[in-house]
Amino acid sequence: MYATDLMGLTLDNPVIIAPGPWSRGEKLKDALQCNAGAIITESIVSESYSDTCPRYTYSNDNRGIQNIRLYSALELEEWIHWLSEAQKKNRYGSSSKLIASIMGTSPSELSYIAKKIEKTGIDGIEIGFACPMGEGQDIIAGDPERVYAYTCEVVKAVHVPVSVKLSAAVGNLSAVVEAAGKAGASGISGIDTLRCILKIDIESGKPDLPTYGGYSGAPIRPIGLATIASIAQCTDLPVIGMGGIENYENLIEYIMAGASAGGIGQRFCFTATMWSPRQYSIWKHGCKLTASNPSKRSEVELCRSFIPLKRSSVI
Ligand SMILES: Cc1cc2nc3c(=O)[nH]c(=O)nc-3n(C[C@H](O)[C@H](O)[C@H](O)COP(=O)(O)O)c2cc1C
């Protein structure tokens, strides 16, 4: 198996279930039983918004979607219930590591949530700084000072490793990565969805959905790859890459760009087959084959040498 070290956690394989509603509540059991390397939960908040409807719209080729789901619709207490239940039941026999994504409106609120969630026995915390909805024009992921302040509080509050989820939609990525590192983050993850308005009906002048949303899926993969390569250039922290991963080849692309593991999001929205453990074993097998195939390994090395991974090597 292609085991991966991530923030001091040993993942059986580099396939991660990205944050989103597909592993929420009772679905957590199905997600765990896929035996992905890790699952990162939907972002848990202390004041949740219920699901709006409709909350998705599609691109014409059906490969990119806009969603207007803002953080998890489950209450903090419900998450504590589901995570504790999974822990009590030995994670239903799963080998997946469990990372809880959290978000709050102040450093103290965020550290409060982190402490509560840590007690359920999760393996790590991720701070979801990069959601492009509901934050006005500015997102925390674009503000190094706030990233530092929030991350510091969480790192101080818990014993598990903390990763920070960043966005491609900021112009000061290296400053934000540096702030997260200084604050004690153990890893960086990205990208979140990108702020979008997928369609406007030119007859009525109305967009498909009533507000900005997050764009995900294959169309954002080139942006995700470039962002992960840029992040890997300015930090030694392990990086979790996501954005448009549709198959294991795409995941390998992210690893080639500098990620230690890759997260799958939108594919879970409508692809029921993604839920089958068999589908997962195809992914894992693909990663394993690629990793154990010497010619592929040298491609990884070759690619890393084309993409200058360290700032010092950029002229
Ligand atoms: C419906 C939906 C809900 C999401 N919810 C969250 C969330 O709660 N927290 C988070 O950090 N990212 C969330 N994301 C972002 C994904 O985790 C991922 O970063 C992004 O969608 C890019 O990956 P993808 O193209 O594979 O979907 C969500 C994405 C979608 C499509």
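## Overall fold

The chain contains 10 helices and 16 strands, where helices (H or I, at least four residues) and strands (E, at least two) are DSSP runs numbered from the N terminus. This is a predicted model, in which local features need pLDDT of at least 70 and side-chain atom pairs count only at pLDDT 80 or more, while totals for chains, interfaces and linings use all residues. Residues are numbered from 1 along each chain as its sequence is written.

Of the 315 residues, 48% count as buried, meaning that 20 or more other C-beta atoms, placed from the backbone, lie within 10 Å of the residue's own. Contacts (C-beta atoms, placed from the backbone, within 7 Å) between residues at least 6 apart in sequence join residues at least 24 apart in 70% of cases.

## Ligand shell

The ligand has 27 residues around it, of which Ala-18, Pro-19, Ser-216, Gly-265 and Gln-266 come nearest; a residue is near if its C-beta atom, placed from the backbone, lies within 6 Å. Strand 14 (residues 213-217) supplies the largest share of this shell, 3 residues.

By type, the shell has 9 nonpolar, 14 polar and 4 charged residues. Ala, Val, Leu, Ile, Met, Phe, Trp, Tyr, Cys and Pro count as nonpolar, Asp, Glu, Lys and Arg as charged, and the others, Gly among them, as polar.

## Packing of helices 6 and 7

Helix 6 (residues 221-234) packs against helix 7 (residues 248-257) at an angle of about 30°, with the axes 8 Å apart. Axes are lines fitted to C-alpha atoms over the stretch in contact, and angles run from 0 to 180 degrees between N-to-C directions. Helix 6 is therefore roughly parallel to helix 7, the term for angles under 35 degrees.

Helix 6 contributes Arg-221, Leu-225, Ile-228, Ala-229 and Ala-232 to the contact, and helix 7 contributes Asn-250, Glu-253, Tyr-254 and Ala-257. These residues divide into 6 nonpolar, 1 polar and 2 charged.

Definitions and conventions: Angles under 35 degrees count as roughly parallel, over 145 as roughly antiparallel, 65 to 115 as roughly perpendicular and the rest as oblique. Two residues are in contact if their C-beta atoms, placed from the backbone, lie within 7 Å. A residue is buried if 20 or more other C-beta atoms lie within 10 Å of its own, exposed if 12 or fewer, and partly exposed in between; C-beta atoms are placed from the backbone.
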